[in-house]
Amino acid sequence: MKGYLGEFEELVLLTIAHLGSEAYGLGVLRNINERTNRNLSIGSLHSTLTRLEEKGYLTSYKGEPTKERGGKRKRYFQLTNSARSVLLEMKSLRDELWKSAQTELSL
């Protein structure tokens, strides 16, 4: 595997893939919090998004200003081909491990 991907990084990338063109900071955070029943901070998400951009797994762009946000623009995120590749590698690894662990996990 080329680059290490932590659990939370994987979760963020998969959530961005799920949200598609609606993947902006607060939307990603809300989706993760709802799905995981956690109460993560926006700061922890932003540091992870920055790290994923630095690793080359994300690109971002600013949307149009909105009245709801007092004229501020949302920052949207998109997966790069490197992110798609590392996610497929992680899925393959997890599938292999789950398959081989079936006997040990059965009750």
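What share of contacts in the protein between residues at least 6 apart in sequence join residues at least 24 apart? I found 51%, with contact meaning heavy atoms within 4.5 Å.

**Ground rules.** I am working on a predicted model, where local features need pLDDT of at least 70 and side-chain atom pairs count only at pLDDT 80 or more, while totals for chains, interfaces and linings use all residues. Residues are numbered from 1 along each chain as its sequence is written, and side-chain values use heavy atoms, leaving out hydrogens and water.

**Overall.** I listed 4 helices and 2 strands, in the order α-α-α-β-β-α along the sequence. Helices (H or I, at least four residues) and strands (E, at least two) are DSSP runs, numbered from the N terminus. The C-alpha atoms fill a box of roughly 55 × 30 × 20 Å along the principal axes.

**Surface.** I noted an accessible surface of about 7400 Å², 52% of it belonging to carbon and sulfur atoms; the areas come from the Shrake-Rupley method with a 1.4 Å probe, and for residues only the protein chains shown count as cover. Of the 107 residues, 33% count as buried. Buried means under 20% relative accessible area, exposed over 50%, and partly exposed in between (1.4 Å probe, protein chains only).

**Charges.** I took the mean positions of the 17 positive and 13 negative charges and found them 7 Å apart. Lys and Arg count as positive, Asp and Glu as negative, with His and the chain ends not counted; each charge is placed at NZ of Lys, CZ of Arg, CG of Asp or CD of Glu.

I looked up T15 in helix α1. T15 counts as buried because its relative accessibility is 6%. Beyond residues up to four places away in sequence, T15 touches V28, N31 and I32. S21 lies in the loop between α1 (7-19) and α2 (25-36). S21 has a relative accessible area of 56%, so it is exposed. Leaving aside neighbours within four places in sequence, S21 is in contact with Y61 and Y76. I also checked S21 against F8, 13 residues apart along the chain, and their C-alpha atoms are separated by 21 Å.

**α1 against α3.** How do α1 and α3 pack, and at what angle? I read about 85 degrees for α1 and helix α3 (residues 42-54), with axes 10 Å apart. Axes are lines fitted to C-alpha atoms, for helices over the stretch in contact, and angles run from 0 to 180 degrees between N-to-C directions. The two helices are therefore roughly perpendicular (65 to 115 degrees). F8, E9, V12, L13 and I16 in α1 meet S44, L45, T48, L49, R51 and L52 in α3.

Note on methods: Angles under 35 degrees count as roughly parallel, over 145 as roughly antiparallel, 65 to 115 as roughly perpendicular and the rest as oblique.
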